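Visitor: I have a model open here and would like to walk through it. Can we start with the overall layout and then move to the ligand?

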Amino acid sequence: MSSVTESHDLVIIGAGAAGLAAAAGAYDAGVRDIVVLERESGAGGILKQCIHNGFGLHRYREELTGPEYALREMQAVAQRDIPVFFDTTVIDLTADRVVVTVSPERGVVSIAAGAVILAMGSRERTRGMLGIAGTRPAGIYTAGAAQNLINLHGIVPGKEIVMLGSGDIGLIVARRLAYEGSHIKMVLNRSHFSGGLKRNIVQCLDDYGIPLRLSHTITAVHGRERVTGVEVSEVDPKTKQPIAGTEELVSCDTLLLSVGLIPENELTREAGIRIDAKSNGASVDETLETEMPGVFSAGNVLHIHDLVDFVSEEGERAGKAAAAYLAGEKSHTDSYVSVQPGQGVSYVVPQRVHADADGLVTFRFRGRDIYRSAQIRFFADGEEIKTIKRRIILPAEMETVKVDAGLFARAKTLEISLSAEEVGATQQTGDDELTCIQCPMGCALKVTLDGEGKVVDVEGATCPRGKTYAKAEIEAPERVLTSLVDVAARELPLSVRTDGSIPKGLIPQALEELRGITIDGAVRTGEVVCSDVCGTGVDVIATKDVL
Ligand SMILES: Cc1cc2nc3c(=O)[nH]c(=O)nc-3n(C[C@H](O)[C@H](O)[C@H](O)COP(=O)(O)OP(=O)(O)OC[C@H]3O[C@@H](n4cnc5c(N)ncnc54)[C@H](O)[C@@H]3O)c2cc1C
Ligand code: SF4
């Protein structure tokens, strides 16, 4: 292995949504000497394996799949001629911004960087972090690992499955496994609310009759070679401990864990950059600069985001801030307002704001519980300076607020806390209820039908959209279908989606039709691979290129 040294104005670590947007953002702000370093052989990060739809509604005003969203971001980088070095792992970052990389092609290369953007994403919590008792058999996967196996390799990890944790990854993987014929026996969640979005609970669990058991956990794993079952126990909502005597043995061959993501900050820590114990990401100021000058952070490595659109927006902001740093535009004082999460808030980014910052400062945070009729309250040195109302705050959704820096500029501390008329409501709805998923409020709708199954009355909707939703969902429910088709020339499948919604009841039939398709030859993203699926008039299109 040879070791060479080179230098670049801006080095971006990671070519996921954050890194790609950071590169384009920095370029548009005038930086020309940029390199993006990516340890995998393709760009897009986690988006590559997220073949479901639900990406890009804010950024592109379209509902895209993960690979389609990633393609747009890669095209933006390619149009600007920004080089992305694949199979290149960053193994060290020094205090004077030397980025040490290793790749099969170039060996060890040390790059002196004018500025660095950390965009390394996140990884999943594993069984070892949960301390579940029992044996150590095969058949235990994180939900993301299972998603990777199914969506990128066409391998189904198990047939009889129990899932611990109801984060979005888990919910989406549960649906994928149901499409592939696996039986998801139940999804368990230790707390009284789901870590996933309501939309995903409805469309991934309720649609397939998969029970969600809140305030339940796994207390033991059984099986010698392979998992044979798990012990499920109820959890006391107050002490958060399993309740003795509630143990139940559930047989299964696979246990999936969807118990959260952790920012991937080994490099950051080793570089001596301060990590915020609450967000598990670097401590940053309002420009997303860490406590190491010229090193910025964005995306899931900074804090876990709910939607990719916000990851991209944050990446762009980091790119622009790095450009300003490189241009020597930084003219702030070294004194800061320290930002702290108060009651009900688990973390806040940024953790500090320059005392002489001006204009609107973007704060992002998560609530610890479900808050209805909530108030986001801002205290500067203990004095309340601003209140923002929200109809609902959910732990599964990241909150973004913008506050005029002038309001707290002279303070030493700024605290953000939550209060609400109702805290800790459960997310479960009764059997006779329908949950509106058109906005985060998640109104519980009581629907009255006539003798022919038509909706005649809807109670509980806070706005007129609830009634329209209930009518469509009960009388003619529709879904976009995302799945895979075989490709003749290679072992790996191709991801596809319907180019519009199809009746929900036709999904099993549509999946059967897709199982009969084998792609022969090249296909580009957006090309039709099956027209008029099940006679619905809707086509199925490729969401990735096969060249
Ligand atoms: C299963 C799942 C479902 C989701 N569903 C939705 C959805 O429906 N809608 C939505 O809007 N959002 C969704 N999200 C959220 C969104 O996709 C992510 O928040 C976003 O893609 C994260 O982007 P990122 O760039 O921060 O991280 P990543 O995508 O993780 O990218 C980080 C990149 O850095 C690289 N890297 C890490 N360390 C190094 C190193 N040392 N050297 C070189 N490269 C390195 C990694 O290989 C990776 O490519 C979902 C997320 C997941 C996990
Ligand atoms: S009824 Fe209106 S307020 Fe309630 S969840 Fe639906 S869209 Fe939101």
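**Domains and ligand site**

Guide: The C-alpha centres of domain 3 and domain 5 are 45 Å apart. Keep in mind that this is a predicted model.

Visitor: Which domains does the assignment give for the chain?

Guide: The assignment lists domain 1 (3-123 + 262-331), domain 2 (126-259), domain 3 (337-423), domain 4 (433-475) and domain 5 (479-542).

Visitor: On to the ligand. How many residues surround ligand 1?

Guide: Ligand 1 has 35 residues around it, and the closest are E38, I46, G54, N300 and V308.

Visitor: Which domains does the shell draw at least three residues from?

Guide: Domain 1 and domain 2 each supply at least three residues to the shell around ligand 1.

Visitor: What about polar atoms, say R39?

Guide: A polar side-chain atom of R39 is 3.1 Å from an oxygen atom of ligand 1. Backbone atoms come in too: a polar one of A119 lies 3.5 Å from an oxygen atom of the ligand, and a polar one of D306 lies 3.4 Å from a nitrogen atom of the ligand.

Visitor: How much of ligand 1 does the protein cover?

Guide: On its own, ligand 1 has 1000 Å² of accessible area, and the protein covers 95% of that.

Visitor: Which elements give two or more residues to the shell?

Guide: Those are α1 (17-28), β3 (53-55), β6 (89-93) and α8 (308-326).

Visitor: And which gives the most?

Guide: That is α8, with three residues.

How values were computed. Residues numbered from 1 in each chain as written. Chains lettered and ligands numbered in written order. Predicted model: local features only at pLDDT ≥ 70, side-chain atom pairs only at ≥ 80, totals over all residues. Heavy atoms only, no water. Near = heavy atom within 4 Å. Polar contact = N/O pair within 3.5 Å; in protein donor to acceptor, adjacent residues only side chain to side chain. Areas by Shrake-Rupley, 256 points an atom, 1.4 Å probe, with all protein chains shown as cover. Helix = DSSP H or I, 4+ residues; strand = E, 2+ residues; numbered from the N terminus. Domains from an automatic or database assignment.
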